[in-house]
Amino acid sequence: MSVETEARPRSRAGLALPGDEKLRFAIFAVLLLAAPFWLPLVGSYTDLGTRVLVYALAAMGLNLLLGFTGGLSFGHAAYFGLGAYGTGLMLRYVGPNMWLAVLAGVLLGGVAATLLGPLVMKRRGIYFAMITIAFGQMFYFIAVRWNNFTGGEDGLTGFQREPLALPGGAIHLTTVPFYYFVLAFFAVGAFVLWWVLNSPLGHAMVGARENARRLEFLGVRVERLTWIAFAISGFVTALAGSMSALLNNFTSPLDLYWQLSGYFVIICVLGGMRNFWGPFLGAAIYVLMQDYASSVTKNWLSVIGLMFILVVLFFPRGLLGVLARRRSA
Amino acid sequence: MDIFTRNFRRRSVLGGAAAVAAGSLIYPARGTFAASETPVKIGMVDPQTGTYAALGASEITGARLALDQVNKAGGILGRPVELLVEDSAADPGLAVTKARKLVNSDKVNFLMGSVSSAVSLSLNQAAEELKTLYLDTGGHTDQVTGTQCRWTTFRTCSTTWMLTAGNFRTLFDKFGKSWYFITPDYAYGHSLQKDYASQLAKAGGKVLGNALTPLGTTDFSSYLIRARAAKPDVLVNLTAGNDLVNSMKQATQFGLEKDMTIAGALIELEDLAALPKEARLGWWVMEWWWDQPNQPHVADFVATYKTMAGGKVPSGRSWFGFASLHALALAANKAKALDTMSVVKAMEGLALPPEVALQPNNPFYRAADHQLIANEFPGYVLSNGTYPDLFHVANIVPGSTIALSPAEDGCKMTYPT
């Protein structure tokens, strides 16, 4: 896989925050915080912003594995969907507690990734991709077949966002408060990823991507590293799935389907998988395309496909990767 | 700093450009309305890509035909009507997003659409949240007007129960009482089989057995051998899509149709036209049929539709889109208001006039569960037919004789106070 044999030692591009990066991050944060105010001004709406955050978080979770550790997972929809089902099932069958529901989703998806990690980590390249698809489809079929518990093919209905219990009283999660709810969890997820990548563990992951054999000679157990990356990545993607279930008040087996896994990979590649915020840009493009282009033409998927091909051919580091390189040059 | 501002400016530019393009694509309102009239907007969420794209296309064309007629006849409350179509790609999550966009940002007055049950269920729930009337055009699952019925949701297509009851009597009386099932192993298949089996038991018939086939089966021979060994009078094949094509092809190769009657529940003109010739056979149910020589207005509708759809004849799906858009306009004009509660109340009990119903027995939206009580068109596939003469309607079964009562289907309608 090209992901693994890449020899260029640009291991930590876009990770640390020196000087002007801080300013850039501050502007980015302000834009996110103010999104419910400026989105309607540019002809958009808050739910779309929420959707970008959900997809961005899922793709950033995947990117820890894909872009930074060098493991091409084609089955991340499984952990996204498990997060969604965990949250939905908790709200439906156990009780109207949002914190417990999110926790249930994150644990269901994250623990599944952690347990499957040992079976996945020994594989390389195409075999790694195939075994991740296989596990993903396994959960899809469980959700389809277990009719009376998951709602089967028709999806899980009968749950909805509940008022959020906070020390100061309950908040009704209507559109705008819910955006901030998701933004808060997005920040937590992004911080965890950023913190991991800036720790020695994260440097070792990048090392595994660049030259796994050398790392093994240095005494690092690459398989275990892959496992840890897979597990963390699963937890973060499950968190995104949990947010997705709450956004739609609904989840269906399509949230577990391989096609969604493919979209996550496309989002990462489109935005730039060597860049921490690359998947965010990719998710914004994907969601905007899905929203606007699909109102204009039913061939909106061709537009995304074309962009994907152009990016792979001409900007293998993704859109943000190109921008970042041009800046540093 | 440049990269972040640049990419956000890019987003807004992209969004703005796309919004302008979208505006020009909205189907133009016609007729003689003053330029100052603000249009009444109907949002339609339907699959334009993916597995159900062909069925979605028929619904959309039907709705556009109705839109033309409504606008020519003076629109809704004297205002022009606009139809905004969004692609659901048959994905329930995306459908909900699109519904929210239509209501919150495009400010549509009503929602309609859906081909698949999962999307109907998700829109059913979202519409109540949005306090917007949703007219389900084509998702069949019983729950939408049954256990999960909601005050904001109405439905034009039949329930799954009505699909099975549509040809049960015909099959039972004509071909015999011992049945065998080929059932795709997921919720829709199971519920169809359950519905047939309970009617069979009540009528004194017998289920000889069933073969559960996983979705995407290509080799049906072991199931077909078991079916032949059981020697049933009727072999009910409940598969759909590619599974239907494969199972029917192999059944003819085995010559099963010589020993037993092959039948099933719903079949759609679009699917039938796509089937290879050797797989076209058996007894099925249509929900509407274009060839009703004795029914006024049908021939006109077919002719107009053909010019709009490039020679294609309208299918059941086309009629769903057509009747649904008309029904919304009729209800709003009857209510003389656009607020959800008034239009819901006007739609309860609304009977479709003959030029909209295009079938006998005065279809109407039943007040208690919001289900349209229309007819079923059981019949058989013409093996040597050419498009569009692919199906022969044996008889027309009035929905009122087969639909479960609201008490039986489990609908308890509650309204906001």
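Predicted model: local features only at pLDDT ≥ 70, side-chain atom pairs only at ≥ 80, totals over all residues.
What is the mean pLDDT of chain A, and what percentage of its residues reach 70 or more? The mean for chain A is 85, with 93% of its residues at 70 or more.

**Stop 1: chain A by confidence.** Select helix α5 (residues 77-94) of chain A, which has the highest mean pLDDT among the elements of that chain, 93. Then jump to helix α1 (residues 2-5) of chain A, where the mean is the lowest, 38.

**Stop 2: chain B as a whole.** Show chain B as a cartoon and you will find 16 helices and 14 strands. Its radius of gyration is 22 Å, close to the 22 Å that the globule rule gives for 417 residues, so chain B is as compact as a globular protein of that length. Along the principal axes, its C-alpha atoms fill a box of roughly 70 × 55 × 45 Å. Buried residues make up 54% of the 417 in this chain.

**Stop 3: the largest nonpolar core.** Now select B:Ala99 and B:Leu111, which touch the most other members of this 234-residue core. Next, pick helix α12 (residues 222-248) of chain A, which supplies the largest share of the core, 16 residues. Domain 1 (38-158 + 298-375) and domain 2 (161-286 + 377-402) of chain B each give the core at least three residues.

**Stop 4: around B:Ala99.** Zoom in on B:Ala99 and display the residues it touches, among them B:Val45, B:Leu111, B:Leu123 and B:Leu130.

Conventions: Residues numbered from 1 in each chain as written. Chains lettered and ligands numbered in written order. Helix = DSSP H or I, 4+ residues; strand = E, 2+ residues; numbered from the N terminus. Rg over C-alpha atoms; globule rule 2.2 N^0.38 Å. Buried ≥ 20, exposed ≤ 12 C-beta atoms within 10 Å, placed from the backbone. pLDDT = per-residue confidence, 0-100. Core = buried A, V, L, I, M, F, W, Y, C linked by C-beta atoms within 7 Å. Domains from an automatic or database assignment. Contact = placed C-beta atoms within 7 Å. Lists of a residue's contacts leave out its neighbours within four places in sequence.
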